[in-house]
Amino acid sequence: MDELIFFINKVLINGTVIGSIYALGAVGVTLIFGILRFAHFAHGDLMTVGAMFALIVTALAASAGFTAPVPMGFIVMPVAMAATAVLAIGLDHVFYKPLRDKGTRPVVMVMASIGVTLMLQGVVRLFAGTQSRSFYIGEQKDIFRIAVPIGDARRTITITEPQILLIVFTAIVVVALHYFLTRTRRGKAMRAVSDNPDLARVSGIDTQMVVRTTWIIGGGLAAAAGTLLSLDVVLKPDLSFNLLLPIFAAAIVGGIGQPFGAIAGGFIVGFAETVSIFNWALLLRPFRDIWPEAIEFPTRIAFVPTEYKLAVPFFILIAVLIWRPTGIFKGRQF
Amino acid sequence: MSGDYLIEAKGLFGGYGGADILRGVDIAIRRDQIGVIVGPNGAGKSTTLKALFGLLTVREGTVQLNGTDITNAPPEKLVPLGMAYVPQELNVFGTLTVEENLEMGAYVRRDDFRDSLDHIYTIFPPLADKKDQAAGELSGGQRQMVAMGRALMSEPSLILLDEPTAGLSPLYMDQIFDRVVAIRKNGVGVLMVEQNAKQALAFADVGFVLAQGDNRFTDTGAALIADPDVAKSFLGG
């Protein structure tokens, strides 16, 4: 029984948590790609900067003596999301829009976004240094241990408060995004621009507004993902750069330009990671007594060692693209 | 006199940055008229429509809509002024449903456009049954109906159609031409480029025969069909 609970903790809960983070990031990447036609490499750093905004406001709130039943970082998250959305629109205005107006090729835009990545990382290090920071200033992270009253189980299903908040937030985002994209005038206009920008223009759709909306959603969700991840672990300046590649893998697996594909891709990549580094030998332990002596009892069966976790999304990516060249949700073709 | 024209373009010169494709094109139609632009490949027919709709730079010449100068105004300004354009290719949002396509046509309107939706479904009955289907899944003729419906949703006074029957079977071609006449009956001016010159000139109030970026003949549709020079050179005898 303990082994099963360990599996639930390590694979199901961790997979849902990291999958949610990937999904929130990949939605932004895929929307930006759909509307602006380039891979936005600075997306990971929007996460870091967003989390940094949240940390600053949290510190201010803590020093002002505010307390709340949920982590302060979560309460102030909307402020960080708004600030990051404004930053994203500003970055677009200063760096990407001038290139776009000149009709620059997408590859140049990608290079520009790598430049923005380096710049944002530099700015974060300049102001915040390189050390890790915790969101819990005078607060304590709640960890829920749910006892399982079956058999002789001693382990508990363990989930932290930020993890619960993350999963609930992601679920709300999925529903809200669906409503926005299929029921509202602005959401449908976004899909129209993503589908056929020339026709959107001749229909009189305000493409500037659509671009702004894209950055608001992308920047806001990046800030939320960065904040919620930092609440669960700690905030490191390179936190989200390591997330960037799995997030791109998730967006492509789901079908580039497809927001719900990105969400599905995020969870596929997240679960693939946790499943592949899980030590499956643990699940054999209950059978140790009846194990045939001729075969040595395995102590470690994992698909890949933990150090190679980052390779898993790309394995999934290649496997999916061989099976469906435009991703699971039939995304854009190149 | 000139104030009577719905659209009037005089002496248009322009192209895509290189040599001029249009070399002095004149187009003028009155309210509730159907104008048809015909001519050989490369005559500048589609380019003329694009020039009127601000999709390429007019280097010389003027365009007036209802007497207002709109030369080189961008499409997003022209749609609210009552102009709509249906490109020849990629003229529907393939991943959006039929109804969403029509709603995007009404994007510039902030009023309730449900009446217009019903109106489009009466003009194009096949669309009513398919309103929740993705436009990309429809047949070529039905896609053309979606494209025309989308353009009509902005309640234009003038609709520009670029080869609406290209690639359609003769059956669908007749249907589309019927719809064009119906659109005009509802008080919308139509300016269309058409490969099926004879059939289109038959119901055209004004016909423009272009060749090498300039008007070769301009007259009523019936007169152009009757003109032996036009027939010999441009209508295949």
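Mentor: Start with one term. A residue is buried if 20 or more other C-beta atoms lie within 10 Å of its own. Keep in mind that this is a predicted model.

Our part is strand β8 of chain B, residues 189-193. Look at where its residues point. G189(B), L191(B) and V193(B) point one way. V190(B) and M192(B) point the other way. On both sides, these residues are buried. So 5 of the 5 residues of β8(B) are buried, which means that the strand is largely enclosed by the rest of the structure.

Now the neighbours. Strands of a sheet pair through backbone hydrogen bonds, either parallel or antiparallel. Take strand β7 of chain B, residues 158-162. β7(B) and β8(B) run parallel, and 5 bridges join them. How does the chain get from β7(B) to β8(B)? It passes through helix α7 of chain B, residues 170-185. This β-α-β crossover is right-handed. Stay with that helix for a moment. α7(B) lies across β3, β7 and β8 of chain B. Its direction is at about 150° to β8(B).

Next comes strand β3 of chain B, residues 34-38. β3(B) is also parallel to β8(B), with 4 bridges between them. Here G35(B) has L191(B) as its bridge partner. V36(B) stands opposite M192(B).

Step back to the whole sheet. Six strands of chain B form it, in the order β6-β7-β8-β3-β9-β10. The sheet is open, and its pairing is mixed. Which strands sit at the edges? They are β6 (83-86) and β10 (214-219) of chain B, and each pairs on one side only. Neighbouring strands are turned by 15° against each other on average, direction ignored.

Another helix packs on this sheet: α1 of chain B, residues 45-52. α1(B) touches β8(B), along with β3, β6, β7 and β9 (206-211) of chain B. The direction of α1(B) makes about 145° with that of β7(B).

To sum up, β8(B) has β7(B) as one parallel partner and β3(B) as another. Helix α7(B) lies across β8(B), and α1(B) touches β8(B) too. The residues of β8(B) are buried whichever way they point.

Definitions and conventions:
Residues numbered from 1 in each chain as written. Chains lettered and ligands numbered in written order. Predicted model: local features only at pLDDT ≥ 70, side-chain atom pairs only at ≥ 80, totals over all residues. Buried ≥ 20, exposed ≤ 12 C-beta atoms within 10 Å, placed from the backbone. Helix = DSSP H or I, 4+ residues; strand = E, 2+ residues; numbered from the N terminus. Pairing = 2+ DSSP bridges. Right-handed = clockwise from strand over helix to strand, strands pointing away. Axes fitted to C-alpha atoms, helices over the stretch in contact; angles between N-to-C directions. Contact = placed C-beta atoms within 7 Å.
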